[in-house]
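This report looks at selected local features of one protein chain. The sequence and the structure come first, and the description follows.

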Amino acid sequence: MTVNFNQTPEEAQDQRTGMSDDILVRAVVDHLRYSFAKNKKTASADDIYLAMSLAIRDRLIHRWMKTMKRYYMNDVKRVYYLSAEYLLGRSMRNNLMNMGLYDTVNRLMSEHDLDLSEIEAREPDPGLGNGGLGRLAACFLDSLATLGYPALGYGIRYEFGIFRQSFKDGWQVESRDPWLERLNPWEISRPDRAATVNFGGHVERRLDENGNLQCDWIDTTKVRGVPYDMPIAGYGTETVNSLRLWSAQATNDFNLTIFNAGDFRKAVEDKVISETISKVLYPADNNPEGRELRLKQQYFFVACSIYDIVRRYKKTHSDFKQFADKVAIQLNDTHPAIAIAELMRVFIDIEKMKWEEAWSITERVFGYTNHTLLPEALERWPLPMFEKLLPRHLEIIYEINRRFLLRVHIAYPGDYEMQRRVSIIDETGEKFVRMANLAVIGSHSINGVAAIHSELVKTDLFPDFVKLFPERFNNKTNGVTPRRWMLSANPDLSALITEKIGDSWITHSEDLKKLEAFADDSEFLDRIAEIKRQNKIHFAKTHLPFAVSENMLFDVQVKRIHEYKRQLLNVLHVIHLYRELKNNPGSTRVPRLVLFAGKAAPGYAAAKLHIKLINDVARIINDDPTITSKLRVYMCPNYCVSLAEDIIPAADLSEQISTAGKEASGTGNMKFALNGALTIGTLDGANVEMRERVGAENFFLFGLTETEVKTLKAENYDPQAYIEESEDLKAVLNMLESGFFCPDERTRYQGIVNWLRTSDPYMLCADFDSYVARQKDVDAAFTDKRAWAKKAVLNIANMGFFSSDRTIRQYAEDIWGIEPMKV
C-alpha cells in the first residue's frame, strides 16, 4: 500500500482541513466516534468539547506545519521567549476567532441544538501562570503570531498550576488545580525531542589531547524534560507559532528489582522526586526544600530550552558564527536568568568554544526584561544550595564575575563599594548568587515595562550598571492583545465599534482613535451605556451569590493580592462608606458594588489575612438589611483569565491604587480602560502614560507621587501623624480595631491596625484622605450617565497605544532584530 504524505489541502479536505459547513460538522462527529467511541446521544458536554477542539486543532496543524517549514526553509532569525508563566486562558474561542471560524461554528452548533458558550465552558483554564507576568507573556505570543514574527515560547507544563482557590470561613484555601485531569486537546507531546537535565554531582578537570583544560560535570542526577507543543494562531493570518512546555520525568521511573524485593515505595522514588519539578507553579519558598525546588524548576526549563535552541540552530549550521544573527533569547523577568550561564556551559564544555567567543555571542543573544522593583522578587539563591545543585554553573558564574569586576576596577579604580554592589555574588553576610546582576551583565538589552518603571530601573535598581552600560537600558511599555480583551471578551462592544469605524482596529488598534468623533453622539453614548449594563447583568447572574441592581456602580479591583497593590486601602474605603451610610441613612451616595478577586501566595501570611478581612467586611455589610441596596461587597474565588473576561467588561471603575513607584506597569489597567471602565489610580506604572493619553479629566488621580513617597521615607514617615489629622481614617481604624467585623475573634485585625499606625510602608495612611476625596468625585461623575459614557468612550479611543502589537514591534525592531515572515 502506498501512502501519500504530500496531499494538498484540497485532496485531504474531507479528512482534516476542510472549512465548509458539512465538513466541519463531519469532523466533529468523526472525532466523537473514532477518538472517543461516542455518538451524539452518548456524548457528554466534555466529549463534545474535546471532539470540537481536535477538529479545530486539525485545521491549525496544517497551518502550523506550513509556518515551521517556511521558517526552516528561509533560515530566519527567531526570538525564543523564556518565561516561568503563561496565563493563556481558554483556547477554543480564541482559536476559532483567530481562524475566522467563530460565527460559522456558533451557527452550526445552534443548528444542532448545542450552545457553543456552554461547550467553551467545559475547557479548564490552563494553570500555567498567576498574574500579570504570565498574562503579558500570553499577549505577546498572540501578537507575535498575528504580526508574523518567527517566535517560540518556552516554559514549564505545570501539572497542577498555581492552585485552585476557595474560601472557608473567609480564609483562602489552596487545593490542586487538575487542569490536565482529562486530555488537553491543544497540546502535542514530543518525546522524541526530550532533553536530559543534570543536577548535583561535581566537576572534574582534565587536559584534552591539545593540552586545553576541560571541565566534566559528572556523577549527576538526571531528569528527562519532555516537550509538549501548543499551537499559537495569529489573527487573520496563516501564521501559527509554538509554545513549548517542558514536563519533568524520571530517566528511570520504575525499578523492577526493588519492586520485586517488596520495597514498593523505593521502586518509584526516582519518578516521584523527578516529576515534582513540574508539579506546581511557585512552590512555597519559606523553607529550604521549597527554595531548592524553585531553583530546580528554573534551571530545568532553561536547560531544556537552551538544548532545544542549540539543536534547532545546528540543523542548518555547521558552526556558531551566525548564532547571534539567527537567535534572540528574551528573559521574561529574572526567573530564567540562569540561561546565561547555561548557554556558556554548552558553548564551552560541549561545543569546545573559547571563552571570549562564547561570551561575545551570549551577550548579543540575550535580552532581559525587568518586571519588578521589589527586592524579594529579584531572584537570589543561597550560594551553598546553588553549588550543591549546579556546581559547574557556579564556576562559570565566578569566571563571568571575575572578568566583569576587573572591567569595573579599570573603569572605576578604587571604588570597591561599587564592585560590591554590582558583583553577582553577594558577600555582605550569608553569600547569595544575585540572578538579576547576572541578567544585566549577560544581556545586550535591559528594559523596563513602563516609562516611570524604566527610569526607576536606572535610578533605583541598577544605577551602577547604567554607568557601565548606558546604551543597554531602554523602555518597552507593556500592552494587551485587543483580540482576547475586547473582540473575544466583549463581543457587543466590538460589534458596535466595528459598525462605526470598521474592523481595522482589531490588528491596528491605533484606529480606535476614530471613536473620538462619536464622543458627543448621544445615540452612540446610549448604546455604549446599554452594552455596559448588559455586561453587568451577565456578570451578576453568572458569578454573584446575591442579586444586585445593574444600576449600581461596579467598583472592581482584581489582581494578585499583595501589600503594595493596596487591596487594604480599598477595604478601608469600604469601611468608611459603610460608616457614612450607617450614620447618614439618607445619604445620596451612589449605590456601589465593590468587587475583589485575586490569589495570595500560599506562604504570604499578610496577604492571606487581607483576604480574610475582605470576606469578613463583606459578610457584615451584605448581612445588614439597612444598606443592601446601597453597598455590597464580594470577593470572587479562584480568579483566572476566564473570570477576568467576564468581570472586566462589566466594570465601571478600575482600581489601580498601588503605592507610587512600586508597580512596574500593570496590564489590568489597560484591559479595563479598553473596555470602557474609568480608572481611579496613582501615578504608578503604566497609569502615568494612560492618564496622559486619555486625558486628566477622564482619570481619577489621587495620592503621593513617586518622588513624594521617597521624600516622606527619607524624612522618617510617621503614619500616626496622618491618622491624627484625618477624622475619617481615625474612625475607620477604631472600627476595625474594635472587632466589629470579626466578633468571633475580636483581636484578629489588631496586627493590621498596629502595622498601619507604626509602620505603614506602603503609605496607605498618607493617601487615605486623597483616595476618599476622589471616590466622592467618582460618585458625582457617575450620576451623569451620558457624561460618564463620554469619558468611557474617550478611554477606549485612546487605548490603541497600549496594544501588545505595538510593544512587540518595538521589541522586534529595537532588541531582537527580527523581521515578519509571511506564511
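## Basis of the description

A residue counts as buried when its relative accessible area is under 20%, as exposed when it is over 50%, and as partly exposed in between, with a 1.4 Å probe and protein chains only. The model is a predicted one, in which local features need pLDDT of at least 70 and side-chain atom pairs count only at pLDDT 80 or more, while totals for chains, interfaces and linings use all residues. Residues are numbered from 1 along each chain as its sequence is written, and side-chain values use heavy atoms, with hydrogens and water left out.

Helices (H or I, at least four residues) and strands (E, at least two) are DSSP runs, numbered from the N terminus. Contact, wherever the word is used below, means heavy atoms within 4.5 Å.

## Aromatic pairs

A pair of aromatic rings is described by the distance of the centres and the angle of the planes. Rings of Phe, Tyr and Trp (its six-membered ring) pair if their centres lie within 6.5 Å, and planes under 30 degrees apart count as stacked, over 60 as edge-to-face and the rest as tilted. A search of the whole structure finds 25 aromatic pairs. One of them is the stacked pair of Tyr154 and Trp246, with 6.3 Å centre to centre and 15° between the planes. This pair links distant parts of the chain, since Tyr154 belongs to strand 2 (residues 151-156) and Trp246 to strand 10 (residues 240-250), 92 residues apart. Tyr154 is buried at a relative accessible area of 0%, and Trp246 likewise counts as buried at 0% relative accessibility.

Phe546 and Tyr634 form an edge-to-face pair, with 5.9 Å centre to centre and 85° between the planes. Phe546 lies in the loop between helix 23 (522-543) and strand 18, and Tyr634 in strand 20 (residues 631-636), so the pair ties together parts that are 88 residues apart in sequence. Both Phe546 and Tyr634 are buried. Elsewhere, Tyr81, Phe140, Tyr811 and Trp816 form one aromatic cluster.

## Helix packing

Helix 14 (residues 355-365) and helix 16 (residues 391-411) pack at an angle of about 85°, and their axes are 13 Å apart; axes here are lines fitted to C-alpha atoms, for helices over the stretch in contact, and angles run from 0 to 180 degrees between N-to-C directions. The two helices are therefore roughly perpendicular to each other, a class that covers 65 to 115 degrees, whereas angles under 35 count as roughly parallel, over 145 as roughly antiparallel and the rest as oblique. Trp355, Glu356 and Trp359 of helix 14 meet Ile396, Glu399, Ile400 and Arg403 of helix 16.

In helix 31 (residues 727-737), the buried residues are Leu729, Ala731, Val732, Leu733, Met735 and Leu736. These buried residues pack against helix 24, helix 25 (605-622), helix 30 (719-725), helix 32 (750-758) and helix 33 (764-782). Just after helix 31, Gly739 takes a positive phi of about 85°.

His562 lies in the loop between strand 18 (553-558) and helix 24 (567-583), and is buried with a relative accessible area of 7%. Its side chain reaches the backbone nitrogen of Tyr564 at 3.2 Å. Apart from neighbours within four places in sequence, His562 is in contact with Leu374, Glu376, Gln567, Tyr604 and Tyr762.

Thr334 is placed in the loop between strand 11 (327-332) and helix 13 (339-350), and its relative accessible area of 0% makes Thr334 a buried residue. The side chain of Thr334 makes a polar contact with the side chain of Tyr368 at 3.0 Å; a polar contact is a pair of N or O atoms within 3.5 Å, where within protein one must be able to donate a hydrogen and the other to accept it, and residues adjacent in sequence count only if both atoms are side-chain atoms. Not counting residues up to four places away in sequence, Thr334 touches Tyr368, Leu378, Glu379, Met435 and Ala436.

## Positive phi outside glycine

Ala37 has a phi near 55°, a positive value in a residue other than glycine, and is located in the loop between helix 2 (21-36) and helix 3 (45-74). Ala37 is exposed, with a relative accessible area of 68%. Met763, in the loop between helix 32 and helix 33, has a positive phi near 60°, but is buried, with a relative accessible area of 1%.
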